[in-house]
Amino acid sequence: MRGNGVKIKSWKTAQTNTELCKKLASQLELPQITAEILVSRGYDSIQAISSFISQSTPLNSAFELIDMDKAVERIQRAIHKEEKIVIFGDYDCDGISSTVLLYSYLETVGADVSYYIPDRESEGYGMNCDAVKNLKKYGAELIITVDNGISALQEIDLANSLGIDVVVTDHHKPRETLPNALAVVNPHRQDCPSKFKSLAGVGVVFKLISAMENDDCYAVLEQYADIIALGTIADVVPLEGENRTIVKYGLEKLADTQNAGILELLNVSGLKDRQLNAQSVAFGLVPRINAAGRMGKVDAAVELLLAEDCETAAELAKQLDALNTRRKELEAVITKDISQKIALNPRLVNERVIIISGENWHHGIVGIVAARISEAYGRPCMLFCIENGEARGSCRSIEGFSIIDAISRCGSLLTRFGGHSQAAGLTLPAERLQEFEEMFLKQTQQICPVMPVSSINIDAEITVQSLTVSIISSLSLLEPFGAGNEQPVFLMRNVKIEAIQPIADGKHLRLKLSSGGQCFFAALFGVSAEEFSFCQGDLTDIAANVEINCCNNEQRVSVKVKDIRPAGFDEQSYFNELRLYDAITGGNYDAASIASVDLKLVPDRDDIALVYKYIRENQSKILNEEILYMRLFKKLSYIKLRLCIDILFELKLVFSEKKAAQTTIKIVENAEKTSIEKSSILQKLNCRH
């Protein structure tokens, strides 16, 4: 899904000391561009760069985590007394990996252990009281939570009252009050002295096992690195510090894994004979494991990773692959439904946070769609599934805005909630949804008066002359790439579009570009030719990933465009006018909201005619605000363009039409004759001048 509003991103280009980069590149025998990236990311000394490249970040003692000693003592006592231990897991890849890791270990040391993962559809995230009661009937004497539990205050109190001890291992942000568990192992506790805070849920379990073994972590990592890395990559925690070490070991083990389930998963995902990196794991293995939880078949994923024979593993891997295909189909259905809602009410995507609700949406899929919408419109997104009087929400945010902080301020209206700054879930009675939306939007205003814009961090500027295999190959020193250590993004200025070629049934584009008299090709994914904002001959700036691909035993430089905009684009002016337009429309053009609009920003008859004429002459193309702005920005400021479009809609001279997966602005044929002076929007804007 692409946004129908302008989704231009801010380009944050790193500023580096050129002389320092040259010096370090010479001393370390690195290409200049590699040194520039390292310096821009804070590695500005020989020691820091050498340590980063060697990936030698030490693993700290597991006992640095508060309550680890209590957790170890209680679990060891349960093993010694042959008590029934139940691992209470979660249904995403991190939770599944955590469950498999701890189950495998405890079974190995002779524990009486089983696991329980709640059904996403009927139970939702985390512990619930019915599950606790059932585990009591099962005979559970100790529950160990993995990747959840930090918010389960009521459920853990119930467990205590039933005579079940609880050890919590989690990495989600705690509330003000911690659960009354026997031990709460979470690096994000304010009183936890551990140095590294960014462990995934499976990372916390890894530390627990290391403490159980009284090990320095390396022996446990050597044995379970494939599972630990899988969950760490899946949870999109920063791949820095200890996580970088974990994933380094994990990728090596994944390449030679003895886990039958992972081997078969590599096979069905087409990765079996390919060199693995964090991205291929994230896009090849993780979605298939997540699909099991999303589609209510989480046990299939756990059994796959625990499988001991290839035949069983092969059958389970095929099941997960089929579930992932079905997940994509359901995602398309929800996306289409939301696109129709936006077409009927475009203001849905003009709020500070996009909030949309619907019925009969699959609960396990809406989080993915929320992420797509957030990316498309450059705003946080919250989607609610309404069913049986209950509203269950999945949220995704953008950098600089913590959505869980805003949600927690509305806790009095919620049945349950939890998550991170960038992703969260919540549940409340459907009848209170409107009340929640109003409170939530007020809280976002208080927390973040100026909502941050979606941005792209650019590491360095590069010329076409640097697109050589020898130079780009050196970037492999920076791997593994992931959150906190993203694949480098390069800026290329004044790039001319020589040709635009649709590929993959028109879903993507192959661009022939030129700079300095030298041509090269680049891929632009997820954009069709008709929704592309540029034309042949346009001069642009591009932000792109550059990497090495191997085809027929030949290495080639591959350029993948992340963002593109007109050469010399004035970003500051654009975002200033974007905020002003949001302020105006947020007040529905009332007197107070338009008071700050300068007369020179108010469109006149010629401006409106220009926009109308362009829409009329390009009826065959998809036209949204983004495309119109990119085509007309040299003639109209952003705010003038948006006001022109609003006026044309108000006068019923244009309308929104669903076209394929997009909404496009079209001319109303045979519209009644009217005059722009009849526009109440224009009257309000002009009345004070």
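## Acidic surface patch

Helices here are DSSP runs of H or I spanning at least four residues, numbered from the N terminus. In this predicted model, helix α14 covers residues 310-344 and includes Glu 315. Together with Glu 107, Glu 308, Asp 309 and Glu 311, Glu 315 forms a negative surface patch. Glu 315 has a relative accessibility of 46% and therefore counts as partly exposed.

## Salt bridges

The structure holds 28 salt bridges, one of which joins the side chains of Asp 67 and Arg 189 at 2.9 Å, N to O. This pair links distant parts of the chain, with Asp 67 in the loop between α3 and α4 and Arg 189 in the loop between β6 and α8, 122 residues apart. Both Asp 67 and Arg 189 are buried.

Helix α14 also contributes Glu 331, whose partner Arg 372 lies in helix α15, so the pair ties together parts that are 41 residues apart in sequence; their salt bridge is 2.9 Å, N to O. Glu 331 is buried at 8% relative accessibility, whereas Arg 372 is partly exposed at 40%. A further salt bridge, at 3.4 Å, N to O, is that of Asp 607 and Lys 640, which lie in helices α20 and α22 respectively, 33 residues apart. Asp 607 is buried at 10% relative accessibility, and Lys 640 is buried at 17%.

## Cysteines

The structure holds zero disulfides. For Cys 385, the nearest cysteine sulfur is that of Cys 395, 11 Å away, and for Cys 410 the nearest is likewise that of Cys 395, 11 Å away. Cys 385 counts as buried at 2% relative accessibility, and Cys 410 counts as buried at 0%.

Methods:
Residues are numbered from 1 along each chain as its sequence is written. This is a predicted model: local features need pLDDT of at least 70, side-chain atom pairs count only at pLDDT 80 or more; totals for chains, interfaces and linings use all residues. Side-chain values use heavy atoms; hydrogens and water are left out. Patches are made of residues with over 30% relative accessible area and no salt bridge: like charges are joined within 9 Å, nonpolar side chains (Val, Leu, Ile, Met, Phe, Trp, Tyr) within 5 Å. Accessible areas come from the Shrake-Rupley method with a 1.4 Å probe; for residues, only the protein chains shown count as cover. A salt bridge is a side-chain nitrogen of Lys or Arg within 4 Å of a carboxyl oxygen of Asp or Glu. Lys and Arg count as positive and Asp and Glu as negative; His and the chain ends are not counted. The place of a charge is taken as NZ of Lys, CZ of Arg, CG of Asp or CD of Glu. Helices (H or I, at least four residues) and strands (E, at least two) are DSSP runs, numbered from the N terminus. Buried means under 20% relative accessible area, exposed over 50%, partly exposed in between (1.4 Å probe, protein chains only). A disulfide is a pair of cysteine sulfur atoms within 2.5 Å.
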